[in-house]
Amino acid sequence: MNRIMRPTFAEINLSNLKFNFLNIKKKVRNTKIMAVVKADAYGHGMIECVNAMNSLKEKQPDYYSVALIEEALELRTVIVEQPILVFSPILESNVEEYFKHNILPTVFNENHIKILKKSCNGRKIKVHVKIDTGMGRLGIRFNEAVNFVENLSKQDDIIVDGIYMHFATSDERDKSFAQLQLKRFAEIVKELKHRKVNYGLAHTANSGAIIDLPDSYFDMVRPGISLYGYFPSLETSESIKLKPVMSLISFVSSIKEINKGESVSYGRKFIAKQKTKVATIPIGYADGYVRALTNKVEGIIGGEKYKQVGQVCMDRIMFNIGNGKVKEGNKIILLGKDKKAEVNAWDWSKILGTIPYEITCNISKRIPRVFID
């Protein structure tokens with residue numbers, strides 16, 4: 001890492017990532033695992049995270065999944081040998097990439113099949129069928145899925161490698177709708193078996209379902225946010241031990257003393273009630289430290305928490321350090337832990353009314369990732 005230009009970085013603890021993955025693996029026992037690494041591994045660095053999980057050798061993920069064909073192609077550049085599933089529907093403009101790089105497309109309507117068959121030219125391709133059991137977003141409707149999968153399985157040039165669905169409420173305390181979705185999917189699997197249709201691997205369980213719905217495991221599970229150290233909501237159980245993978249770190253660039261009644265930053269959102277010292281830190285909303293955190297969050301310097309004060313700027317934030325023994329060049333932890341003090345993505349999420357997924361994904365590319373193991 002080059003700290004000369006800008007001493008701010010996201011530290012990615014790959015040992016914690018492997019710890020999380022192995023605990024998930026222990027939880028699901030012999031069930032296969034499809035590791036979800038879309039959105040640059042939720043902001044953690046896709047290539048490095050995949051390499052770390054693959055270093056587990058015989059315990060490595062069985063499959064990987066991403067949102068976009070571009071992400072799958074990037075994975076193939078690092079010689080990832082596992083099957084890679086793309087969640088987004090296949091398009092005619094990128095269909096050739098699936099054939100060329102042996103990538104699994106998601107299909108769920110007749111147009112997808114036409115696109116594939118038009119491009120096959122004697123080649124066979126494996127696919128996964130997305131089934132809508134209640135998410136209401138993508139997929140063949142659950143009451144049409146059996147016939148669709150059965151007809152697809154009869155195609156000479158298309159191999160059904162898997163069928164899957166996505167839970168809408170598996171991370172909520174009330175699991176009634178999740179149970180309905182699970183029931184619909186289980187009935188599809190049962191009927192396909194009855195008709196002796198080869199549907200490949202059935203997979204439904206996201207992080208919330210892995211934690212709380214063991215009946216949803218089927219042949220494979222799809223951990224996402226849990227890989228990176230967070231439970232998907234505050235309403236799930238904590239039946240798996242997880243460690244946050246990302247820490248956000250910077251250094252104090254300057255300290256100045258202000259008097260009672262003086263203000264800090266745009267709009268005078270902070271006015272000193274007494275003489276105090278203010279430290280400035282080189283990070284801002286352009287980096288994912290959003291303006292809505294203004295005056296509401298803390299940072300850790302030397303194991304002590306200090307309040308962020310004044311409007312968050314594009315490139316800079318400020319902390320009220322009072323009479324603390326803080327010096328220019330001291331490390332400040334914005335997300336992470338130091339001694340007994342901790343600030344994590346849930347702390348930000350509660351302030352912002354969001355979830356840790358959005359926090360880590362929003363740490364921008366302007367912040368370099370530093371990987372430790």
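At 24% relative accessibility, Asp 212 counts as partly exposed in this predicted model. The side chain of Asp 212 forms a salt bridge with that of Lys 175, with an N to O distance of 3.3 Å. Asp 212 belongs to helix α9 (residues 207–212), whereas Lys 175 sits in the loop between β8 (158–164) and α8 (176–194), so the pair ties together parts that are 37 residues apart in sequence. Lys 175 is itself buried, its relative accessible area being 14%.

The count of salt bridges in the model comes to 12. One of them joins Glu 187 to Lys 183, with the closest N and O atoms 2.8 Å apart. Both residues lie in helix α8, and because they are 4 residues apart there, about one helical turn separates them. Glu 187 is partly exposed, with a relative accessible area of 44%. Glu 150, Glu 191 and Arg 195 are linked in a network of salt bridges.

A further salt bridge is formed by Arg 366 and Asp 315, whose closest N and O atoms are 2.9 Å apart. Arg 366 is located in the loop between α11 and β21, and Asp 315 in the loop between β17 and β18, so this pair ties together parts that are 51 residues apart in sequence. Both partners are partly exposed: the relative accessible area is 38% for Arg 366 and 36% for Asp 315.

The loop between α11 and β21 (369–372) also holds Ser 364. Ser 364 is buried, with a relative accessible area of 18%, which falls under the 20% limit for that class. Leaving aside residues up to four places away in sequence, Ser 364 touches Ala 286, Asp 287 and Arg 369.

Strand β17 (residues 304–309) pairs with two strands described here. With β16 (residues 298–301), the pairing is antiparallel and extends over 4 bridges; Glu 298 has Lys 307 of β17 as its bridge partner. The two strands form a hairpin with 2 residues between them, and Gly 302 in the turn adopts a positive phi of about 60 degrees. Strand β17 is also joined to β18 (residues 317–322) by 3 bridges, again in the antiparallel sense. In this second pairing, Gln 308 stands opposite Phe 319 of β18.

Helix α10 (residues 345–352) contains the buried residues Ala 345, Trp 346, Trp 348 and Ser 349. Viewed down the axis of α10, its buried residues fall within an arc of 155 degrees, so they line one face of the helix. The elements covering these residues include β11 (246–251), β19 (331–338), β20 (341–343) and α11 (356–361). At the start of α10, a side-chain oxygen of Asn 344 comes to within 2.8 Å of the backbone nitrogen of Trp 346. Just after the helix, Gly 353 takes a positive phi of about 70 degrees.

The largest nonpolar core comprises 119 residues, of which Val 37, Leu 75, Val 129, Ile 163, Tyr 289 and Trp 348 touch the most other members. Contacts of Trp 348, not counting residues up to four places away in sequence, are made with Leu 248, Gly 288, Tyr 289, Leu 293, Val 297, Leu 334, Leu 335, Val 343, Ile 359 and Ile 363. Another core, of 8 residues, lies apart from the largest one and has Val 264, Phe 270, Ala 272 and Met 318 among its members.

Terms used
Residues numbered from 1 in each chain as written. Predicted model: local features only at pLDDT ≥ 70, side-chain atom pairs only at ≥ 80, totals over all residues. Heavy atoms only, no water. Buried < 20%, exposed > 50% of the residue type's maximum accessible area, 1.4 Å probe, protein only. Arc of directions from axis to C-beta. Contact = heavy atoms within 4.5 Å. Polar contact = N/O pair within 3.5 Å; in protein donor to acceptor, adjacent residues only side chain to side chain. Pairing = 2+ DSSP bridges. Core = buried A, V, L, I, M, F, W, Y, C linked by side-chain atoms within 4.5 Å. Salt bridge = Lys/Arg side-chain N within 4 Å of Asp/Glu carboxyl O.
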